[in-house]
Amino acid sequence: MPLRRMAAATVATVGLAFTGAVSAGANTTAVESDTTPDTVIIDGREFGPEDGLEVVVEQFEVETGAGTVGEVFDTPLEPGTITPFATWGSSYATSTETLQLKYTGRAKAAANVYNGKRIIQVCFWYTRGTQVVASKICSNASSDSGWRAGVEKSKSVWDSLVPNAPKTIFNISTARIDPNIH
């Protein structure tokens, strides 16, 4: 099932931040660049600028009847390509609506290489207006002698029954590093 993309993305390469539209014609909102961390800790190891750390934050408006929104970070492979240890499936962060009342978010950091960077952490949280409805939950890939996919994390939240309440926003962030870092 294709995912609907709505909102904005912020890419913060440590020391440099910029905001761009997620898809042509999408309703966009700015994402604060200061919400992106300078470092990320995975399995007790700190990753930062020297590791090519890039944190991408995206927002998706969750609308009634929207079904599933979010992002799947596939690693496209040419047919017949042999790529040992290059891909462990796809990283993703998705939110699925149930009965127009409940949203279930899911995230997985598969340690796959996407657009030239290894995804080592995928997080999500829900907001409504200025309120955090569900705090951040993260899936972390693991690295000891090599990279392994993290476990899928999930969390559900209820929609507001208040007429004219602010829209529910599904926020995601992905931490990406140089694929040659082990």
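Touching, or contact, means heavy atoms within 4.5 Å. This is a predicted model, in which local features need pLDDT of at least 70, side-chain atom pairs count only at pLDDT 80 or more, and totals for chains, interfaces and linings use all residues. Residues are numbered from 1 along each chain as its sequence is written, and side-chain values use heavy atoms, with hydrogens and water left out.

E97 sits in strand β7, residues 91-98. Is E97 buried or exposed? E97 counts as buried because its relative accessibility is 15%. The cut-offs are these: buried is under 20% relative accessible area, exposed is over 50%, and partly exposed is in between, with a 1.4 Å probe and protein chains only.

Now the whole protein. It has zero helices and 15 strands. Both are DSSP runs numbered from the N terminus: helices are H or I with at least four residues, strands are E with at least two. Of the 182 residues, 46% are buried. Among contacts with a separation of 6 or more, 63% are between residues 24 or more positions apart.

Next, the core. A nonpolar core is a set of buried Ala, Val, Leu, Ile, Met, Phe, Trp, Tyr and Cys residues joined through side-chain atoms within 4.5 Å. The largest one has 33 residues, and Y126 and F170 touch the most other members. Strands that each supply at least two residues of this core include β10 (117-128), β11 (131-140) and β15 (168-177). Which strand gives the most to this core? That is β10, with six residues.

Twelve of the twelve residues in β10 are buried. As for its neighbours, two strands pair if DSSP finds at least two bridges between them. β10 runs antiparallel to β15, with ten bridges joining them, and F124 has I172 as its bridge partner in β15. β10 also pairs with β11, again in the antiparallel sense, over seven bridges; in β11 the bridge partner of F124 is I137.

Last, the turns. β10 and β11 form a hairpin with two residues between the strands, where G129 has a positive phi near 65°. β9 and β10 also form a hairpin with two residues between them, and N115 in that turn has a positive phi of about 50°. Two bridges join β9, residues 113-114, to β10, and V113 has R118 as its bridge partner in β10.
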